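Please look over the sequence and the model below before reading on. The report then moves from a single residue to the parts around it.

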Amino acid sequence: MPTRCLICVSILAAVVAGSCSRPAPPPPVDEATLTAQALRRFDENKFGMFIHWGLYAIPAGEWKGQYVRGIGEWIMFHAKIPVKEYEQLAAQFNPVKFNAEEWTQLAQDAGMRYLVITAKHHDGFAMYHSKASPYNIVDATPYGKDPMVELAAACARRGIGFGFYYSQDQDWHEPHGRGNTWDFPAERNPQIYFQGKVLPQVQELLTGYGPLALIWFDTPGMLSEQQVTELRRLVKRHQPSCLLNSRIGHGKGDYLQTSDNAIPIQVHTKVKWEVPATLNDTWGYKKNDQNWKDPADLIAKLTDIAAKGGNYLLNVGPDAEGVIPEPSQKILRTVGRWLAANGEAIFGTTASPFYVDGISWRVTAKPSRLYLHLLEWPGTKFRLAGLETEVKQAHFLANGLAVPFKQSGTAVDFELPPKPVDPYNTVVVLTLADPVARVAAGYRAEDIPDRVELWAWTARLVGEEIRYDRARRSATRFVKVDSPGNELRWYPYGALGGEYQVELTYACENHRAGSRFRIGVHPSNTEMTQSLTGQIEATGGRFLTRRVPGAITLGPDDLFISFSLPEEDRSADVRLQRLTLIRRK
Ligand code: H79
């Protein structure tokens, strides 16, 4: 074997590197810088489309003729379907109507700027062509194509950030993945699953579909800190700009997820966060779930989330043919029409400099601008209190017309027409004399008042029966079921601390009074460390406010506060408008 002359090799290397003539290349951009840049883009984007699509779209909430309660993509778990049976769904999966152009057109029509789709959910089935497991859409179905190739390309063409959901911890198809207790023995060797499936599949996702905006992991629990660190390194080695969500586990994410469908009660700007949310009560397609959210509600929630500093990742669940349900399309296009006229007040904004008060208005900000979002029309007058910066000019965003106002002290009084400019959310643009709004003490986002209203509208609604009634701004149908119970949950994310008394504002018909209610304090999803109870009283159907005996103490680590009727259904149709927390001095 000929040996190479070392001098020749080094000359060759110098020529290849072109060291003599070209200017020095820019210094390499490190991972932290690229991640920070990606986070800024993510923050500006504000609104994304989540897509849950998999084999579970075939049973669509029904197994062997029986309705299965709960979120649709959990059907294998809830009905304890053996792997051997569930696997047979693959032979039927033939989504001939899948069309990446249609899906991404819908995302754009809705004003969504990124898209996250299930590459693999807890059922373990890969919705892309995986070499690491034959249990995938190309090798195991009559469809035989990889939809993610087209989807990634369509997103790239349209400038939509593209990301994959990947269930890294639960995998009900694998003996060593977490979650399947009905097929497999209790002992797990997570490393077998991690090494054999997770790492190779995540690598496939990172190398086969172009640049990824993010990978969305979910439900951590089994994997060790070392394994999660290795997973993070794998992602950042291939794509340093690819963001990781907090559900990768062990604090290794780049940004925070709130709980599913949970919006923080206040402005939260210590970290970047995102609310994953459903359009009905399921993520994966369920044919009988018609509990669609009102577009007015979604526009208000998008505004609420932007005002608090978050992103909104809103889900659609395409059916087994690859069609996004018609109601989802209609709702999203309505949201998109509002955004087409008012997107300036959402995209690229920063959180409200004011604390969030009530449910009828919100504020978002840009340099030298405040956007006042009027979610409920206040009539011909509206006062914005606590602004020290001079307002130069005010106009409606949707039509450019000037809005008359008077500023005296720290109050700005607007004169408004009798009817809203936009039925969902009329935005008033305030042009400021200074780049950053100065807000008076007592009104600032960090100045939480001594009375905090927890409106039903801002709660996470848990359970299939529970409903929000927009007209009466209240939640109802607190039906008692085993798991999950029907209840409201509010998530302070550190905004509340101290001892609080509680008032309840609700309406109950006289003949329906009498159930016990419970207000709980929960440091985690599985714990309740404090509770207050009382009886739902008759109010003759009118809204009344009642003090609840006792007090609760909230610490920075408490996850949520709940309201439920844990014992019986008698007062299930009570209309709960809000809890008011009153700080004890
Ligand atoms: O992908 C969607 C959900 O499938 C996933 N996260 C969103 C984005 C998710 N996985 N787990 N969870 C949400 C928490 C679910 C917990 C429950 Fe249950 C499932 C409560 C009721 C059904 C597990 C089974 C706990 C109790 C019964």
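## A buried glutamine

In this predicted model, Gln-168 has a relative accessible area of 0%, and because anything under 20% counts as buried, Gln-168 is classed as buried. This residue sits in the loop that runs between β5 (161–166) and α7.

Leaving out residues up to four places away in sequence, Gln-168 touches Tyr-193, Val-198, Phe-217, Asp-218, Pro-220, Leu-223, Leu-231, Arg-247 and Ile-248. One of these contacts, Leu-231, is also among the buried residues of helix α8, which is described next.

## Helix α8

Helix α8 covers residues 225–238, and its 14 residues reach 20 Å from the first C-alpha to the last, close to the 20 Å expected at 1.5 Å a residue. Within α8, the buried residues are Gln-227, Val-228, Leu-231, Arg-232, Leu-234, Val-235 and Lys-236. An α-helix has 3.6 residues a turn, so residues three or four places apart point the same way.

The elements that cover the buried residues of α8 include the helices α2 (31–45) and α7 (190–208), together with the strands β6 (214–217) and β7 (243–244).

## The nonpolar cores

The largest nonpolar core is made of 92 residues, and the ones with the most contacts inside it are Leu-115, Ile-117, Phe-162, Val-202 and Ile-215. Helix α7 gives this core its largest share, seven residues. Because domain 1 (44–345) and domain 2 (361–432) both give residues to this core, it lies between them.

Apart from neighbours within four places in sequence, Ile-117 is in contact with Ile-51, Trp-53, Trp-103, Met-148, Leu-151, Phe-162, Gly-163, Phe-164 and Tyr-165.

The domain assignment divides the protein chain into domain 1 (44–345), domain 2 (361–432) and domain 3 (451–583). Between the C-alpha centres of domain 1 and domain 2 there are 38 Å, and their contact takes 13 residues from domain 1 and 14 residues from domain 2.

About 1,200 Å² of area is buried between domain 1 and domain 2, with carbon and sulfur atoms giving 63% of it. On the side of domain 1, the residues that lose the most area to domain 2 are Trp-338, Glu-344 and Ala-345, which together make up 41% of what that side buries. Across this interface of domain 1 and domain 2 there is one salt bridge. In the model, a salt bridge also joins the side chains of Arg-362 and Asp-304, at 2.7 Å from N to O.

How values were computed
Residues numbered from 1 in each chain as written. Predicted model: local features only at pLDDT ≥ 70, side-chain atom pairs only at ≥ 80, totals over all residues. Heavy atoms only, no water. Helix = DSSP H or I, 4+ residues; strand = E, 2+ residues; numbered from the N terminus. Expected span 1.5 Å × (residues − 1). Buried < 20%, exposed > 50% of the residue type's maximum accessible area, 1.4 Å probe, protein only. Contact = heavy atoms within 4.5 Å. Core = buried A, V, L, I, M, F, W, Y, C linked by side-chain atoms within 4.5 Å. Domains from an automatic or database assignment. Buried area = accessible area lost by both parts, 1.4 Å probe. Salt bridge = Lys/Arg side-chain N within 4 Å of Asp/Glu carboxyl O.
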